[in-house]
Amino acid sequence: MIESLETVLGRNSLITAFAFVGILVWVSYAISVRLTRGHIHGSAIAIALGLVLAWIGGSVTGGSQGIADFGLLAGVGVMGGAMFRDFAIVATAFGAELDALKKAGVVGAASVIIGVVLSFAVGSIVAVAFGYTDPVAISTIGAGAATYIVGPVTGTALGADSDVIALSVAAGLTKSVLVMVGTPFVAPRIGLNNPHAALIYGGLMGTTSGVAGGLAATDPKLVPYGAMTATFYTGVGCLLAPSVLFLAVRAIF
Amino acid sequence: MVIYGVALLSACMLVGVYIGDIIGDLIGVQANVGGVGIAMLLLIVLSNLTHQRFRIGSATENGIHFWSAMYIPIVVAMAAKQNVIAAVSSGWMAIIAGVAAVVVSFLLIPLLDRVHIGEGDDD
């Protein structure tokens, strides 16, 4: 009985993931209404629960795919992978206001460059504070503070050690997780409640998964604006970090 | 038909990601530059063309709305497959670097939000 159920769930892994996530979201919205009286949005709780499950999955299996490392839940990896994520992000653009984009176009573009430089600078300063003096290592860690893709791309381009590259990925992952969890809490204080602010937020944060999760938990209507600028961030980061920004670091050290 | 909406969405994404890859190649970085953003722009432009010859019917819209509504569940699945262990077990430096980058970026949002270029006020 149990074995054949496992076979069915494993063979239809993506469908299993739909059912699993559906239950997870249902539980989260129930918690939101019953325990927080709607103060904490259901999707914020669902994302936080997802991260907790990812932590459990990682510690039980020792893998890198969170809950998707459990054979039966492998479909969660497909459902939450880049392909479906990007597809759904594009879909949210349907019905977005063209005017809001035009108005914030220049500031949005500027925020991407400012965001990359700022995160790189902050990450580099932390690396220096922890005793790193090699420009390659400093730049790689700085790039990791941009996103967990910019870090390894920069590290590989500059020939950094693999342990430094791993640190840069960890810095980027920390950023992404914190943006997902923290955005709904800070949103009211930083005025993140309109398309203009969301465009800037996406450009400054830059982590596509962090921005996607953070805005979903704050106000789903803002998703297309934040996601729009965020998708340019990693590309700009991969362009600037191993070139101009690395040269700047080398000039200082 | 619903499939028209899904197909339109797919076409936008494929074209956008393809352009993003080409831009990445042209400027010599190993990454897709704004592919998803370009796809979103395409879809926004197409969905704003409704009064002209090209018109998106309501069934077609449903094909796009479905995926838009699946966005949050997909993000929940994405959260559940993150390598959280690697983020929290790698030592303080990586965590502090990540946290500091987020805090500083959050602080800058209200400052940049005051800049409204092209709207007549230069505050």
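**Burial, core and chain contact**

Mentor: A:Gly237 counts as buried because it has 31 C-beta neighbours inside 10 Å; the cut-offs are 20 or more other C-beta atoms within 10 Å for buried, 12 or fewer for exposed, and partly exposed in between, with C-beta atoms placed from the backbone.

Trainee: What kind of model is this, and how are things numbered?
Mentor: The model is predicted, so local features need pLDDT of at least 70 and side-chain atom pairs count only at pLDDT 80 or more, while totals for chains, interfaces and linings use all residues. Residues are numbered from 1 along each chain as its sequence is written, with chains lettered from A and ligands numbered from 1 in the order in which they are written.

Trainee: Where is A:Gly237 placed?
Mentor: In helix α12 of chain A. Helices here are DSSP runs of H or I with at least four residues, numbered from the N terminus, and strands are runs of E with at least two.

Trainee: And what is A:Gly237 in contact with?
Mentor: Leaving aside neighbours within four places in sequence, A:Val116, A:Ala143, A:Ala146, A:Thr147, A:Val150 and A:Gly206. Contact means C-beta atoms, placed from the backbone, within 7 Å.

Trainee: New topic. How many residues of chain A are in contact with chain B?
Mentor: 92 residues of chain A, against 64 of chain B. On the chain A side, the largest share is 15 residues from helix α9, residues 162-186.

Trainee: Which helices should I look at for packing?
Mentor: Take α3 (residues 42-61) of chain A and α4 (residues 71-80) of chain B: they pack at about 25 degrees, axes 7 Å apart. Axes are lines fitted to C-alpha atoms over the stretch in contact, and angles run from 0 to 180 degrees between N-to-C directions. That makes α3(A) roughly parallel to α4(B), since angles under 35 degrees count as roughly parallel, over 145 as roughly antiparallel, 65 to 115 as roughly perpendicular and the rest as oblique.

Trainee: Who makes that contact, on the α4(B) side?
Mentor: B:Ile72, B:Val75, B:Val76, B:Ala79 and B:Ala80. B:Val76 touches A:Ala46, A:Ile47 and A:Gly50, among others.

Trainee: Which residues touch the most other members of the largest nonpolar core?
Mentor: A:Ile47, A:Val90 and B:Val76, in a core of 130 residues. Such a core is a set of buried Ala, Val, Leu, Ile, Met, Phe, Trp, Tyr and Cys residues joined through C-beta atoms within 7 Å.

Trainee: How many helices in chain B?
Mentor: Six, and zero strands.

Key:
Two residues are in contact if their C-beta atoms, placed from the backbone, lie within 7 Å.
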